[in-house]
Amino acid sequence: MNKEDVYVGRENIIAIMALPALASLVIFYYNQILGSVAIILTIVLFFFLRNINRKKKDDFQNYVDEMNVSFDIITKNVVFEMPFPIAIVEDDRTIKWHNTYFRDLFDKKSIVGSDIEKFLPDFSDVDFKEDGMSLPKNISIDDKILQFYYQTITNEENGKTQTFLYGIDNTYDESIKQLFKDKRLVFYSVFIDNYEDIRNSTESVDRPQVIGEIDRVINEYFKKYNCLIRKYENDRYMVISEYQDYRDIYETKFSILDGVRNIEKGNTLPPTLSIGVGIAGANPTDIYSDSREAVDIALSRGGDQAVVKLEDNYEYFGGKTRAIEKTSKVRSRVISQALRRMIQSSPDIYIMGHNNPDMDSFGSSLGVYEGTFDMGKEVYIVLNEVTRPIENMYDRVTTELDELKGNILTESEALSKISPQSLIIVTDNHRKNSTEAPALLDKSDNIFIIDHHRRGKDYIENATISYIEPYASSASELVTEILSYLDEDFKARTPIAESLLAGITVDTKNFVYQTGVRTFEAASILKRWGADSVYIKRMFKDDFEIVKYKSEVIADSFIVNDFIAIAHFKRDIDGSTLIASQAADDLLNIKGVKASFVLTISNNKIHISGRSLGDISVQLILERIGGGGHLTAAATQLDMTMENAEDMLRKAIKEYLREEEENESNTNR
């Protein structure tokens with residue numbers, strides 16, 4: 001049937017007849033005889049057209065009926081003969097019907113009446129009624145990958161639904177995608193952390209053996225995974241592999257770190273590696289840049305670790321040993337001169353530590369203030385709150401140094417004064433959201449970081465210079481070295497020198513932890529500047545209440561995994577984090593305890609202080625739940641209940657210990 005044969009409808013006939021009828025009436029008005037004839041002819045025409053239209057309407061209906069029958073036959077044949085798996089799922093998620101291809105996927109004789117999730121578990125989270133029509137789901141069945149789609153239809157009379165589910169074999173396309181992924185390039189930047197120290201500390205007769213053994217271990221490890229290795233400097237290697245081989249290296253958790261560290265060929269120091277891995281770049285240049293960025297992070301975290309640069313995140317391996325103290329002070333001198341130039345070229349300077357400041361944070365800020373003030377610059381310290389740990393120090397310096405109190409600003413006051421040319425110096429911290437005034441960092445790109453914590457997430461990316469040295473005991477130690485190179489005649493005022501010494505003392509727990517030769521050298525400089533150890537001892541005296549609270553925490557503690565102490569301090573009071581950190585230190589005095597964690601409430605969040613004797617990395621444990629710090633001292637804050645925070649902590653401890661056991665077993669094979 002042609003489109004022209006379709007009937008026109010009763011309304012259209014009336015419209016067509018309107019003109020002849022009107023003409024007949026006009027003729028009848030002027031000539032009744034001719035008008036009567038015209039009216040009769042008009043009536044005859046109307047009935048003639050109506051009869052023709054009825055016939056065409058009947059023919060069209062017959063055509064539609066024939067098409068419905070034909071379409072039903074075609075649809076049934078197509079559905080039954082389609083060369084891919086099809087199933088119809090009823091309202092209660094049971095399979096009502098399926099074709100042969102669907103049954104052959106699972107090699108089952110009886111499928112009808114079974115729950116769809118029994119055969120396609122990926123649809124367990126799909127609500128067919130709500131979703132209606134789906135995006136495809138890739139499902140692996142044996143050696144095939146199928147894209148399953150579905151369409152749900154609801155019966156308006158009874159509200160029941162039926163879902164038409166069909167799958168398309170996408171194995172070839174997915175295999176091409178996987179091949180492309182497997183063949184992607186992965187770049188590794190491999191640095192020997194302490195090459196010069198190993199050379200200098202090894203007898204000349206043994207030196208070639210040590211360097212040769214390091215080369216052999218590195219080459220053998222990477223060649224085992226089909227990597228290309230090129231040594232382009234004495235202590236630097238570039239390694240390239242395909243992604244499929246990187247996955248095998250990833251499974252070993254970069255055991256090369258342990259292999260190199262265990263080299264003993266007459267060397268007195270264990271060699272360590274820093275490895276940066278780039279995998280997510282769009283081209284080889286970007287991937288290489290990612291690997292260099294990752295190795296910089298590994299070095300800034302103290303070395304002896306691998307860092308993998310993902311698209312918007314990092315993954316860390318190793319980092320279980322203390323950062324090795326650098327004997328050379330060349331970098332400290334260079335950093336000091338760079339800081340001096342930046343101070344001289346800036347109109348004003350803003351110094352800040354981390355929020356909830358402790359003695360090291362505030363003490364190192366005071367040290368930088370002193371060096372800047374001595375150069376005659378306009379300088380401010382950003383401090384929002386005088387916390388319990390720094391009360392004594394704050395009262396002392398603001399009382400004895402007349403100008404200082406007027407140069408301490410809150411975040412809002414600093415924001416109203418700062419300009420894009422201002423210099424911002426961040427001490428004892430490198431994480432933007434942990435600074436005293438995060439918004440300040442968006443106001444200027446002149447940022448200088450001085451920190452001793454291992455680099456973690458949320459670091460300040462736009463810093464001009466980052467002086468991050470995890471080997472150092474404290475930021476106060478680093479600042480003291482910088483001040484000693486600022487000017488030959490420089491000498492800090494006594495209250496500032498004592499604040500710096502207090503910062504070193506608190507972070508080393510009275511020169512016990514993370515203490516090296518340079519720590520004592522910095523302390524000797526401060527002593528020459530007039531720092532009084534007896535006064536610092538008075539500064540550390542606790543109130544009677546704090547002593548009681550620490551005893552309360554220790555009494556509440558319990559042991560998990562035979563050697564880890566966990567305790568709670570459930571009072572939300574000023575100085576709760578100080579009590580928690582000191583209690584964590586005291587818990588290490590218990591026989592058999594290798595690490596301790598104390599949970600407390602601070603600013604409506606759960607603060608966790610972690611401490612260890614060095615056998616366990618509390619940093620790696622707390623990094624799993626958003627924290628950071630050092631091997632022996634770390635912390636984190638969580639916005640949740642104390643019970644949930646403890647559950648997360650226990651899980652992190654369990655994962656850390658399990659990985660340690662796996663690494664131990666791999667090393668001993």
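How many bridges pair strand E19 (residues 564-569) with strand E20 (residues 595-602), and in which sense? Six bridges join E19 and E20, in the parallel sense.

This is a predicted model, in which local features need pLDDT of at least 70 and side-chain atom pairs count only at pLDDT 80 or more, while totals for chains, interfaces and linings use all residues. Residues are numbered from 1 along each chain as its sequence is written, and side-chain values use heavy atoms, with hydrogens and water left out.

**View 1. Overview of the protein.** The secondary structure comprises 23 helices and 23 strands; helices (H or I, at least four residues) and strands (E, at least two) are DSSP runs numbered from the N terminus. Of the 669 residues, 46% are buried, that is, under 20% relative accessible area, where over 50% is exposed and the range in between partly exposed (1.4 Å probe, protein chains only).

**View 2. The mixed sheet containing E19 and E20.** Six strands form an open sheet in the order E18-E19-E20-E21-E23-E22, with mixed pairing; two strands pair if DSSP finds at least two bridges between them. Strands E18 (558-560) and E22 (628-629) are the edge strands, each pairing on one side only. Contact here means heavy atoms within 4.5 Å, and axes are lines fitted to C-alpha atoms, for helices over the stretch in contact, with angles from 0 to 180 degrees between N-to-C directions. Helix H21 (residues 576-587) lies across E19, E20 and strand E21 (605-612), at about 165 degrees to E20.

View 3. Strand E16 (residues 447-451) pairs with E17 in the parallel sense over four bridges, and the bridge partner of Ile450 in E17 is Tyr467.

**View 4. The annotated site around Asp360 and His452.** An unreviewed UniProt entry lists Asp360, Asp428, His452 and Asp507 under "binding site". These residues span 148 residues in sequence, yet no two of their C-alpha atoms are more than 10.8 Å apart, so they gather at one spot. Asp360 belongs to helix H13 (residues 359-374) and is buried at 0% relative accessibility. His452 lies in the loop between E16 and E17 and is likewise buried, at 1% relative accessible area. The side chain of His452 makes polar contacts with the side chains of Asp360 (3.4 Å) and Asp428 (3.0 Å). A polar contact is a pair of N or O atoms within 3.5 Å; within protein, one must be able to donate a hydrogen and the other to accept it, and residues adjacent in sequence count only if both atoms are side-chain atoms.

Methods: UniProt positions renumbered as here; feature names shortened; annotations may be inferred.
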